[in-house]
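The entries were written with the model open beside me.

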Amino acid sequence: MGLAVLVLGLAVFIASHLIVTFRDARAAAIARLGKPVYHTIFGVLALVGVALIAWGYADYRATEWTQLWSPPPFMRHITLGLMLIAAIVLVAWLVPSHIRAWSKFPLLLAVKIWAFAHLLVNGDLGSMIMFGALLAWAVYARIAAKHRADVVLPAAPASWLNDVFVVVAGVALYLALGFWFHPHVIGVPVFTR
């Protein structure tokens, strides 16, 4: 059942985010419902999707694990490097900086790097479905955003001080995810094997 719940969660999360790329449909929904109701529904659907993904993936890992291929051990090192970049870019999403301006859509870039990095080291069916679907969604969302006329790209501030903060905070996030979150919440150690 875990794999089915995982797929349902992915469908809910991705479908709720796809409406953002259909600007006329989104505008019509906002006009009909009002912005607060639209954003509330969007937020609830996103949270339900994430909860179903987490629940489904955890249940899949516990009961339905299906290994399709075994990634070579060196991929782990590539993933660790990519995840450091993803953490820095994720922080840049929140802080105006040259890194944020360079990445244009830092949250989508962070998701793409995160998903790709995890595809390199996970050869099981559930991981390939989850990370593959989220990578495909992020690639599509980035392409769609690039072609939107209403997108305002982030501008770089005059100072580089925020970039220093972004890198330091990104490294701190990376270490917190690797040393605490991943082993204790996900159940997979990152820096030790």
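The entries below follow the order in which I looked things up.

**Basis.** I worked from a predicted model, in which local features need pLDDT of at least 70, side-chain atom pairs count only at pLDDT 80 or more, and totals for chains, interfaces and linings use all residues. Residues are numbered from 1 along each chain as its sequence is written, and side-chain values use heavy atoms, with hydrogens and water left out.

**Aromatic pairs.** I found eight aromatic pairs in the structure. For pairing, ring centres of Phe, Tyr and Trp (its six-membered ring) must lie within 6.5 Å; planes under 30 degrees apart count as stacked, over 60 as edge-to-face and the rest as tilted. The pair of Phe13 and Trp137 is edge-to-face, because the planes stand at 75°, with the ring centres 5.6 Å apart. I noted that this pair links distant parts of the chain, Phe13 lying in helix α1 (residues 2-18) and Trp137 in helix α7 (residues 125-146), 124 residues apart. Helices here are DSSP runs (H or I, at least four residues), numbered from the N terminus. Phe13 and Trp137 are both buried, where buried means under 20% relative accessible area, exposed over 50% and partly exposed in between (1.4 Å probe, protein chains only).

I next looked up Trp114 and Phe131, an edge-to-face pair with 5.1 Å centre to centre and 75° between the planes. Trp114 belongs to helix α6 (residues 106-121) and Phe131 to helix α7, 17 residues apart. Trp114 is partly exposed at 28% relative accessible area, whereas Phe131 is buried at 4%. I also recorded one aromatic cluster formed by Tyr57, Tyr60 and Trp65.

**Packing of α6 and α7.** How do α6 and α7 pack? Their angle is about 150° and their axes are 9 Å apart, the axes being lines fitted to C-alpha atoms over the stretch in contact, with angles from 0 to 180 degrees between N-to-C directions. The two helices are therefore roughly antiparallel, a term for angles over 145 degrees, with under 35 roughly parallel, 65 to 115 roughly perpendicular and the rest oblique. Residues in contact (heavy atoms within 4.5 Å) include Trp114 and His118 of α6, and Phe131 and Trp137 of α7.

**His182.** I located His182 in helix α8 (residues 161-186). A polar atom of the His182 side chain lies 2.8 Å from the backbone oxygen of Val188. Not counting residues up to four places away in sequence, His182 touches His118, Leu177, Gly187, Val188 and Val190.

Technical notes:
Polar contact = N/O pair within 3.5 Å; in protein donor to acceptor, adjacent residues only side chain to side chain.
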